[in-house]
Amino acid sequence: SLIGTLGSAYLLGACWVAREVYGEGDPRWYAFRIWLKYKAPKWLYAIYAKHGEDFAKFISNKPALKWLVRQLMNTVVDKTRKIRYAY
């Protein structure tokens, strides 16, 4: 139980940008997080882990930039959903 809680906290804490652009109530942030953790190129994961929190803060009051980032994330989330529901 403790391990599951810590794992959930890790997943929540390390997905700053996706939660910023989608909001915590939208499941797409979690879909992006799963892709980032298991399917993304290692270099992208490393950049996100290192700079994601600061970048999320930076875009928080920039709606146009937030919209652009959301569109980029949507390409991953939409592709992931199509693969998932293809079975």
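The structure is a predicted model, in which local features need pLDDT of at least 70 and side-chain atom pairs count only at pLDDT 80 or more, while totals for chains, interfaces and linings use all residues. Residues are numbered from 1 along each chain as its sequence is written, and side-chain values use heavy atoms, with hydrogens and water left out.

**Core**
- The largest nonpolar core has 18 residues, among which Val 17, Ala 18, Val 21, Tyr 22, Phe 32, Tyr 48 and Met 73 touch the most other members (a core being buried Ala, Val, Leu, Ile, Met, Phe, Trp, Tyr and Cys residues joined through side-chain atoms within 4.5 Å).
- At least two residues of this core come from each of α2 (16–22), α3 (28–38), α4 and α5 (helices are DSSP runs of H or I, at least four residues, numbered from the N terminus), and α2 gives the most, with 5 residues.

**Helix α4**
- Helix α4 (residues 42–59) contains Gly 52, and this helix bends by about 60 degrees at His 51 (the angle between axes fitted to the seven residues ending there and the seven starting there).
- Gly 52 is buried, with a relative accessible area of 2% (buried means under 20%, exposed over 50%, partly exposed in between, with a 1.4 Å probe and protein chains only).
- Gly 52 and Trp 16 are 36 residues apart in sequence but 6.0 Å apart in space, C-alpha to C-alpha.

**Surface**
- Leu 72, placed in helix α5 (residues 63–85), is exposed, with a relative accessible area of 55%.
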